[in-house]
Amino acid sequence: MDAGGAAPLRRREMAAAVSGAGRCRLSKVGAGRRPPPARVRVAVRLRPFVDGTAGADDPPCVRGLDSCSLEIANWRNHQETLKYQFDAFYGERSSQQDIYAGSVQPILRHLLEGQNASVLAYGPTGAGKTHTMLGSPEQPGVIPRALMDLLQLTREEGGEGRPWALSVTMSYLEIYQEKVLDLLEPTSGDLVIREDCRGNILIPGLMQKPITSFADFERHFLPASRNRTVGATRLNQRSSRSHAVLLVKVDQRERLAPFRQREGKLYLIDLAGSEDNRRTGNKGLRLKESGAINSSLFVLGKVVDALNQGLPRVPYRDSKLTRLLQDSLGGSAHSILIANIAPERHFYLDTVSALNFAARSKEVINRPFTNERQIWTTGARGPEEEEIGSPEPPAAPASASQKLSPLQKLSSMDPAVLERLLSLDRLLGSQGSQGTHGLNTPRRERMVLMKTMEEKDLEIKRLKMKQKELEAKVLAQEALDPKDKENSSPAILRPLARRTVTVAKPLKKAVVMPLQLSNKLCFCHSPPPPEEKAEDCWELQISPELLAHGRQKILDLLNEGSARDLRSLQRIGQKKAQLIVGWRELHGPFSQVEDLEHVEGISGKQMESFLKANILGLAACQRSGPS
């Protein structure tokens, strides 16, 4: 029963189209050709039994058949076995050197070609992922071996007399509970993952350390490794509680024209293992860490399934881990997945899960390309003179009065300068800039545009000359006497007079004053003070008998009325009515209407407004009633 067989060709082609469609446009070399596909290569490593653990004397549940295949017992039917086929299988007796030389070392050459590569260690907790990646001083793992060989390659290729100058930098981070933490600079806090205009995944603020030798690497890497979060569980005394990512970047600059630049990145990833909390005994913080690890690994499985099925949306953004692995799975990197499994029978379900994930991952198709930028295509400028975005000025400088236009005549320029401008325009377009629209236009359309611009300029000049002639005639006509002006030819056109805009004056407001107040003002020899307003003398509008009657009626209602009766008054709501009733029960009846100020929540201004509204209302009712 073959559980790791090849997927149908149609499904792989759909996955390749989805995963590679957005990446092939980033290639700076051979932009018209689609990058060739490169399948994710999968290697499986079976660790030996650990002394002193339960089940160490039991027979293993996994058995290797050859250097590329293995079989495991079928838990549904013990008489059958599940067979898996991978790119490489390393048994219990395989060494660190065998794994490195067989699977990892061949991809280092791609970095010198400006391409990306990644190595991922996957498997359950306690299966030996960290040992595979780091190793020990006696048996170094993938990371120290890869750095040693990569630095040796850069010294050979970037030596004196070689066409390229090479530099290497390193960054080290961990993803702990969905937080990206810099292990080289632990105080930097949670970092964000971004994507630039060219589709490259980057982390702003991540520390980069230049390294030139393996001693430089150890000086930065060993202290940073101690900053990684680890913890003890029932299955592992030093269990990794986070995903660790070592990023090594190789920058290349060509020493001679055309001064190309290349950039290759190597991701060395030690994933945290999936955990069964029933067997690990996680509680509290360990349980929370386990939940974050299992959640990110679950999203990783969803990404692999989406790539294999050719779905239109791949959930890279559902987890920080998959967002960072976007280049490694379905992206532009040469990827190696090392699946670590354990032989003990109590690891059986974890082993089957890891093998199924590895079988699905080997169907993922990446499209690596050479990430190369060509700074100048013509001329012989050195790197020290290089300045992207500022082309060489023309030999004959333009006068100060001459206006520069993107549609100026390119045919009159020096051919070398024209070639420089076109090359710069292509460079800006490849980097995401809009560039000059005139240079992006095809030659025939550009000539039509320049001809149209020339015609428009001539038309504008002709209209300006005609306007000056008309103005001169008008000035000459104004110099004549008035009789000549009247007898002058009507054919002479005068310039249009500027239109005067009349602003409407504000309307006057008529204020109707009460009769008593107007009589009072008429007998006063001096004007009233400015602070005295007509609305403050509202009592003058009402006869004294009506005013006294209104006050007495309001006072009776305040002393005898219920809360419902009080709400019939103006400006009295449910809350104020209850306050009035409560005050009356505590302090007795009101002696005058002005005592309403003593009630809590009623100010003097509110009392004045209350009197004015109610007494004027009573007066209006009496006037409108029968005489």
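**A sheet and a buried threonine**

Biologist: Which residue does Arg63 stand opposite in S4?

Modeller: The model is predicted. In it, S3 pairs with strand S4, residues 69-73, in the antiparallel sense. The residue in S4 that stands opposite Arg63 is Glu71.

Biologist: Over how many bridges do S3 and strand S4 pair?

Modeller: Strands of a sheet pair through backbone hydrogen bonds, either parallel or antiparallel. For S3 and S4 the sense is antiparallel, and the number of bridges is 3.

Biologist: What is the order of the strands in the open sheet, and which are the edge strands?

Modeller: The open sheet has 3 strands with antiparallel pairing, in the order S3-S4-S5. An edge strand pairs on one side only, and this holds for strand S3 (62-64) and strand S5 (81-85). On average, neighbouring strands of this sheet are turned by 25° against each other, direction ignored. The order is thus S3-S4-S5, and the edge strands are S3 and S5.

Biologist: Which helix packs on the sheet?

Modeller: The helix touches S3, S4 and S5, and its direction makes about 140° with that of S4. It spans residues 348-361 and is helix H9.

Biologist: Is Thr154 buried or exposed?

Modeller: Thr154 has its place in helix H4, residues 142-157. Beyond four places away in sequence, it touches Leu112, Leu166, Val168 and Val250. Because its relative accessible area is 9%, Thr154 counts as buried.

Biologist: Which residue has its backbone oxygen 2.7 Å from a polar atom of the side chain of Thr154?

Modeller: Thr154 belongs to helix H4. A polar atom of its side chain lies 2.7 Å from the backbone oxygen of Leu151.

Key: Residues are numbered from 1 along each chain as its sequence is written. This is a predicted model: local features need pLDDT of at least 70, side-chain atom pairs count only at pLDDT 80 or more; totals for chains, interfaces and linings use all residues. Side-chain values use heavy atoms; hydrogens and water are left out. Two strands pair if DSSP finds at least two bridges between them. Helices (H or I, at least four residues) and strands (E, at least two) are DSSP runs, numbered from the N terminus. Axes are lines fitted to C-alpha atoms, for helices over the stretch in contact, and angles run from 0 to 180 degrees between N-to-C directions. Contact means heavy atoms within 4.5 Å. Buried means under 20% relative accessible area, exposed over 50%, partly exposed in between (1.4 Å probe, protein chains only). A polar contact is a pair of N or O atoms within 3.5 Å; within protein, one must be able to donate a hydrogen and the other to accept it, and residues adjacent in sequence count only if both atoms are side-chain atoms.
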